[in-house]
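Subject: A structure to look at

Hello,

Here is the structure for you to open. Please have it on screen while you read my notes below.

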Amino acid sequence: MQGGTETQSQRILALDILRGITIAGMILVNNPGSWANMYAPLCHAEWNGLTPTDLIFPFFMFIMGISAYISLSKTGFRYTHALGWKILKRSVLICLIGMAVGWFAKFCYYWASPAEGLSFGERLWESVWTFDRLRYLGVMPRLGWCYGISSLIVLTVSHRRLPYIIGALLLAYGVLLLGYNGFEYNETNILSIVDRWVLTPQHMYNDNGIDPEGVLSTIPSIAHVLLGFCVGRMIFSNVSSEDRNARLNRQLIQLFLVGTVLTFVGFLLSYGCPINKKVWSPTFVLTTCGMGASLLGLLIWLIDVKGYKRWTLFFEVYGINPLFMYVLGGVLGILMGAIRLPYGTETVSIRGLFYSKLFTPLMGACPNKHRYLHRPRYNPKEKHWQQSLSRHKNMCWNPYREYRRYLLSFRKVRAPLPTYPNGRKSRFLRRGDEKWRVAPHRFYL
């Protein structure tokens, strides 16, 4: 029994590390420095498709489902009024914290850039009273609603029926998307119509009329959390009845098998139902849950099987206190963008000061993300399409290419053989009338 408890704690450590990686990634993506110049992996997909940034939020929801199984297993999955009230209070609290962070962002924005000719009282009132345009939904409200509804489902429904519930939710939502312009990137989308009717445009995120965390897209998000719950039930049930090596082998095989199947099915179905984060398509749920399961299996193998734990301390801090760290990162990002300091003849925000005066001269400016993401156009004047591709790549700042340029600046190039003042030739080997020497300030691709 002691070994089983120890192993279970180790499983929770791997889960904390994955949760910490997602929280750190969410903070990084929300604070890029400049929204106009971003590295391509830190950008969301324009519409259909998948980028590394699109994996962060669904990974966290997948982990939330696994954590829900661990926490609710202590109660024996028996519903009581006290437990239901506790879940409801936690869900509402998460939603309110998310809305409070959104209100704080608007307060700092209007206070830092007020309209001209306002008195102190008018400026304060304009900054405080932003409830008529406050966004109701968002990342944290979605987490709160999905956690509450999913927890109530697993407490009141037999766990054997959960796969059927997940399949029914994803199938119904997929039919809704395919039948009512669910993949149109405009206001004719059924998600946009419902959000504008329920939330009104003043209280929603407007991305061509679509809110990425809207009302209808909460349906597959609930299935997302339930799928994580099923994976947690599969790998954490009956952990005390096996020895450590057998348990590790079973869990690794199950995670990699489930991850491979879900990822393959998601990509296979994407030909008819595209992978899309902004509408949270069913294929997006399957693909990201599969990748999350595979990544969790990899972390368990690294941490528990191989014992590589020294690198995990940084992410463990984020994983143990996810809500606090995410809110703290959001609040600090808002303050650093709102507080302005005098710099020369102008005033610059703390974030702008770090970005434009420190990091941009140090690392260089990243060009517009669209020139990096879009496919290069063929130029008839160029003899081959590879010339167009090479020209397109040279338009964009690439850290790997800059590092390669730095290394190649020390390559050996041909140059005339020098002669010392006393007439003695150079010590370098002669190749005809030339020699090989180092040119430390020339750049080659």
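**Around threonine 287**

Threonine 287 touches Leu50, Leu262, Thr263, Gly266, Phe267 and Ile275, leaving aside residues up to four places away in sequence. Contact here means heavy atoms within 4.5 Å. Threonine 287 sits in helix H10, residues 282-305. Its relative accessible area is 0%, so threonine 287 is buried. Buried means under 20% relative accessible area, exposed means over 50%, and partly exposed lies in between (1.4 Å probe, protein chains only). Helices (H or I, at least four residues) and strands (E, at least two) are DSSP runs, numbered from the N terminus.

**Before you go further**

This is a predicted model: local features need pLDDT of at least 70, side-chain atom pairs count only at pLDDT 80 or more, and totals for chains, interfaces and linings use all residues. Residues are numbered from 1 along each chain as its sequence is written, and side-chain values use heavy atoms, with hydrogens and water left out.

**The whole chain**

The chain has 16 helices and 5 strands. Of its 445 residues, 40% are buried. Take the contacts with a separation of 6 or more: 69% of them join residues 24 or more positions apart.

**H5 against H8**

Helix H5 covers residues 139-156, and helix H8 covers residues 218-236. The two pack at an angle of about 55°, with their axes 9 Å apart. Axes are lines fitted to C-alpha atoms, for helices over the stretch in contact, and angles run from 0 to 180 degrees between N-to-C directions. That angle makes H5 oblique to H8. The cut-offs are these: under 35 degrees is roughly parallel, over 145 roughly antiparallel, 65 to 115 roughly perpendicular, and the rest oblique.

H5 passes H8 in a right-handed crossing. A crossing is right-handed if the near helix is turned clockwise from the far one by less than a right angle, and left-handed if anticlockwise. On the H5 side, the contact uses Arg142, Cys146, Ile149, Ser150, Ile153 and Val154. On the H8 side, it uses Thr218, Ser221, Ile222, Val225, Leu226 and Phe229. By class, this H5 and H8 contact has 8 nonpolar, 3 polar and 1 charged residues. Ala, Val, Leu, Ile, Met, Phe, Trp, Tyr, Cys and Pro count as nonpolar; Asp, Glu, Lys and Arg as charged; the others, Gly among them, as polar.

Now find serine 221 in helix H8. Serine 221 is buried, with a relative accessible area of 0%. Its side chain makes a polar contact with the side chain of arginine 142, at 3.2 Å. A polar contact is a pair of N or O atoms within 3.5 Å; within protein, one must be able to donate a hydrogen and the other to accept it, and residues adjacent in sequence count only if both atoms are side-chain atoms. Not counting residues up to four places away in sequence, serine 221 touches Met61, Arg142, Cys146 and Trp280.

**H3 against H4**

H3 and helix H4 (residues 120-128) pack at an angle of about 150°, with their axes 8 Å apart. They are therefore roughly antiparallel to each other. Their crossing is right-handed. H3 brings Trp103, Phe107, Tyr110 and Trp111 to the contact. H4 brings Phe120, Arg123, Leu124, Glu126, Ser127 and Val128. The residues of this H3 and H4 contact divide into 7 nonpolar, 1 polar and 2 charged.

Phenylalanine 107 lies in helix H3, residues 81-112. Is phenylalanine 107 buried or exposed? It is buried, with a relative accessible area of 19%. The C-alpha atoms of phenylalanine 107 and valine 128 are 5.7 Å apart, and the two residues are 21 residues apart along the chain.

Serine 192 is in helix H7, residues 190-198. Serine 192 is buried, with a relative accessible area of 0%. Its side chain reaches the backbone oxygen of glycine 209 at 2.5 Å.

Threonine 200 lies in the loop between H7 and H8, and asparagine 208 is in the loop between H7 and H8. Most residues other than glycine have a negative phi. Threonine 200 has a positive phi of about 70°, and asparagine 208 has a positive phi of about 55°. Threonine 200 is partly exposed at 29% relative accessible area. Asparagine 208 is partly exposed at 41%.

Best wishes
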